[in-house]
Structures are given as structure tokens and as C-alpha cells.
Amino acid sequence: MRGDLATLPRAGSGFAGWITFLACAGFLAASLAVYGIAAIAPAQTGTAYIVVHGLMTATMLAAWRWGRAAHLPLILVTGLAARILLIPAPMLSSNDAERYLWDGAVALAGFDPYSVAPADELVAGLRAMWATPPEHAAYPTLYPPVALSLFSLAALAGPEWGIWVWKLIASFAGIALVPLALRLLRKRGLERHIALVALSPLLVLETGVGAHIDSVVALIVVGALLAFDARRPGWMGVLLGLGIGVKLLPGAVLAALVVAAGWRSGARMAGAAIATVGGIYGFAFAGGWRPIGSLLVFFEKWRNGSPLFTLLEAHLPNAGLLAVLGALALVAGVAVLVVAHKRPVIGAQIALATPLILSPVAFPWYLSALVPLSAVAPSATVLIWLSTSPLIYEVRDRFVSEGVWTPALWPLIAIGAGWVLGAGIDARRELLK
């Protein structure tokens, strides 16, 4: 890869070069617009966020469509610059980072974060020091042990500086993802798809503005794909086992790649992952934590971003709902078995998307690990989903201004329609091959 900052505007002479240059400039401008949202639209932060995400999506797609090999330095520098510039950005999409630091502080104080909720009298002293989201007050943590270790690392810096340490951790993961993704794409001759990662508004905003743990998950998934290409099943198992210790979703990627690797390599991968996860949870139990079963709290509490679950829940009793979800999960599992042998990345996309589609909750940042998978094997269904998922942020307008959480139905209709449209486009493309 050649070129430097002085030659970036000239790197892509002609129409395609200017389109790419303007797209990258627009992407940076839209990224920086985040800093004006609170001042310009304090009562419509969710809507403003959706607009910014839409503008960034349009510029990303333009850079992907018109970008050429000569434009790679410009696209990479733009993506990295946006991530760096948004490190001090206000957290507009959620207050999850406050919860991360709270959980880390609880662990550092010697309590079991899986047993002690923020409202518990045992941690009244911590509440005087650390901000705790009111809507989380009654619920202990649900994050796996490795995530809690990262939260504790940030909390070591104290209430004032802890958030900065955490944002640096999340942003480092987001920055490191870009060169690793480029390496992954280059090994497959797909480096022109790097715009889908470097300029992904979901990755950039959910890292810099949301400061979500999912940036670490996405980084681990890319590392696992590199290990897959290098035929290192043991390393793949260790990495995805570590990913499961951060968030459970990498377990779906593990299932698909075990199938794709074949019986011998798949067994080694699965064994390494099981050993890694066993070690992580073994240390957690040895330290007095009781992490098993905490995830159920989340499914009882939240509903948003899931068109299919919302539709089924509205028309089926609990038993029928569980039966239908189980049947759909079985169908998806069979699809992964069939597809992953010949098209591992597509199989991984199906496996990772399935729990998100069937879940009662699918916040946009949950889709972060799908971004690099979609760059390796672009899918209209996934790209439309990544682009429409932030529509659910409309709920933040009233939540921030009035404290009322009432998600509208129209974002779910738009997301569901996007699934149907994308599936039709993908099916037609497959038939024309």
C-alpha cells in the first residue's frame, strides 16, 4: 500500500477518485456532527443520531462503490481518523458505559457483581461515588467474566477518569480492527471491501459514541477469521472462547466454523474453546462469582429492535412462542450445517444473526461482529439490517427528555421490510450465478 497524506487527494484521479474523496470528507464531517447534537437538538438526540448514521451510511456505500486500490490509504486514514476524533465524543446512544464502570467498581470492592444489584444496600457507599443508570438499579450484571475484568481495569482509574480509560479500551479495539480486517480481506483478494469496515457507521459510532463492549467482540471475530484462513484451529478455539468470555455471541460463530473446519480440525477448535471458556468461568467461580444464569434477567427486562419476536409475542401464548422460536432456531441450525461446509463466512453470518433475529432485543451495537463478516461476503440482507437497525434510537427522544421508554412500531416495520427486501435481492443474485 503506497501513498501518504500529501498525495491522498490525487491518489484517485478522475470521477471515481473525486467521488471517493468527497465520500470520505463527508464521512468525517458527519462523524464530527455528533458533537453538535446535544446543543442543536437536545430533545431529539435519537432522531439526530439516526440522521448522522444515515449520512455516514451513504458516504460509506459511495466509497465502497467507487473506491479503487489507489484509494485505500484515503479510506483507511478516514476510518482511523474518525475513530480517534470520536474518543472524547458524548455518549448519546446509551448509558451502558456507566453500567460497565459500575460493574467493575462492584467487582473491585470485593462483591459478586452477579449477585449484587445497584440498588442493594450493600453497595450504598459505591452509589455515592459511581453513576448508576436508574433503569438498571434492580438488576445484577449479565456480562461474562472477561468483560467484567475489562470493566474492572477501567474502574481502577476511579469515577473521574474511569470513563476515559474505558473509552480508550473500546476505541483501541475499534482502531485495531481496521488493519486486521484489511489483512483478512487482502488474503482473500477483497481489499476493496475495506470501506465496509473502515467507514462502517455502526462500528465508528457504537465505539466512539456508544463505547460498547461489542467493539472488542468484533475484533476477536476478525482475529478468529484470520486464524481460520491460516488453518490454526487451536488458536481459533482460544480466541472464540475468549470472545464468549466477553459476550456470548461469538459462540454462534464458533459453531459455524467448527462445522466448516471439518471433524478433525473442528474437534480441536471446539476443544480449545471449551477449555478456554472452562478456565474463564472456573476462575470466576474460584473468585466467588456466580455468573451462570444472569442472562435471563436481560430477556425478562428489555424489548426493542426485534421485529420477528415482537410479531410472534403479540400473537402467540408463551408456550407457543417458545415452540415457534425453537423450531426457527432448529431450521437456522440446519441451514448453518448445510452452508458452512462450502461457504464458512456465510454460515457464520447465519449463525451469528440467528440469536439476534430470534431475541426479544437486538440493539444496533449487537450487530458489530456482523460488520467484518459482511465485508468478507457482502449480503444485501445484512447491509440493509446494519443500515436500518439504528432507527430504533427514536425511543431516546422521549427517554432523554421525559424519562419515558416507549419504542415506536415503525422502526420494527422498517427493519423487517429491510430483511424481506435484502433476502429477495440476495436470492435473485444467487439464482443469476
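**Ground rules**

For my notes, buried means under 20% relative accessible area, exposed means over 50%, and partly exposed is in between, with a 1.4 Å probe and protein chains only. I am working on a predicted model, where local features need pLDDT of at least 70, side-chain atom pairs count only at pLDDT 80 or more, and totals for chains, interfaces and linings use all residues. Residues are numbered from 1 along each chain as its sequence is written, and side-chain values use heavy atoms, with hydrogens and water left out.

**Positive phi**

I looked up alanine 211 and found a positive phi of about 55°, although it is not a glycine. Alanine 211 is in the loop between α11 and α12 (214-229); helices here are DSSP runs (H or I, at least four residues), as strands are (E, at least two), numbered from the N terminus. Because its relative accessible area is 0%, I put alanine 211 down as buried.

Arginine 231 is also not a glycine and has a positive phi, near 55°. I found arginine 231 in the loop between α12 and α13 (233-246). Its relative accessible area is 74%, so arginine 231 goes down as exposed.

**Cavities**

How many cavities of 30 Å³ or more does the whole structure have? My search gave 2. The terms, for the record: on a 1 Å grid over the protein atoms alone, a cavity is a set of points where a 1.4 Å probe fits but cannot get out; a pocket is an open set with protein on both sides within 12 Å along at least five of seven lines; lining residues have an atom within 4 Å of a point. Grid points are joined across faces, edges and corners, and a volume is the space filled by probe spheres set on the points.

The largest cavity has a volume of about 80 Å³. Its lining includes His53, Thr57 and Met60, along with Leu196, Pro201, Val371 and Leu386. I noted which elements give two or more residues to that lining: α4 (45-66), α11 (201-208), α20 (370-376) and α21 (380-388). By class I get 7 nonpolar, 5 polar and no charged residues; Ala, Val, Leu, Ile, Met, Phe, Trp, Tyr, Cys and Pro count as nonpolar, Asp, Glu, Lys and Arg as charged, and the others, Gly among them, as polar.

The second largest cavity comes to about 30 Å³. Ala63, Gly67, Arg68, Ala69, Leu72, Ile75 and Arg192 line this one. Its lining divides into 4 nonpolar, 1 polar and 2 charged residues.

**Largest pocket**

Next I opened the largest pocket, which holds about 930 Å³ of space. I have 30 residues lining the pocket, with Ile346, Gln349, Ile350, Ser379 and Thr381 nearest its centre. At least two lining residues each come from α18 (318-340), α19 (344-358), α21 and α23 (410-431). Which element gives the most to the pocket lining? That is α19, with 9 residues.

Alanine 353 counts as buried because its relative accessibility is 10%. Its C-alpha atom is 9.7 Å from that of tyrosine 366, 13 residues away along the chain.

**Aromatic rings**

Searching the whole structure, I get 13 aromatic pairs. Rings of Phe, Tyr and Trp (its six-membered ring) pair if their centres lie within 6.5 Å; planes under 30 degrees apart count as stacked, over 60 as edge-to-face and the rest as tilted.

Phenylalanine 15 and tryptophan 66 have ring centres 5.2 Å apart and planes at 90°, so I call the pair edge-to-face. This pair links distant parts of the chain, with phenylalanine 15 in helix α2 (residues 15-32) and tryptophan 66 in helix α4, 51 residues apart. Phenylalanine 15 is exposed at 57% relative accessibility, and tryptophan 66 is partly exposed at 25%.

My other edge-to-face entry is tyrosine 114 with tryptophan 289, at 6.0 Å centre to centre and 65° between the planes. It also links distant parts of the chain, 175 residues apart: tyrosine 114 is in the loop between α6 (96-108) and α7 (124-127), tryptophan 289 in the loop between α15 (263-286) and α16 (295-301). Both tyrosine 114 and tryptophan 289 are buried.

I also logged a cluster in which ring pairs link Tyr100, Tyr143, Phe151 and Trp166.

Back at tryptophan 66, I found the charged end of arginine 65 over its ring, 4.1 Å from the centre. A charge sits over a ring if NZ of Lys or CZ of Arg is within 6 Å of the ring centre and within 35 degrees of the ring normal.
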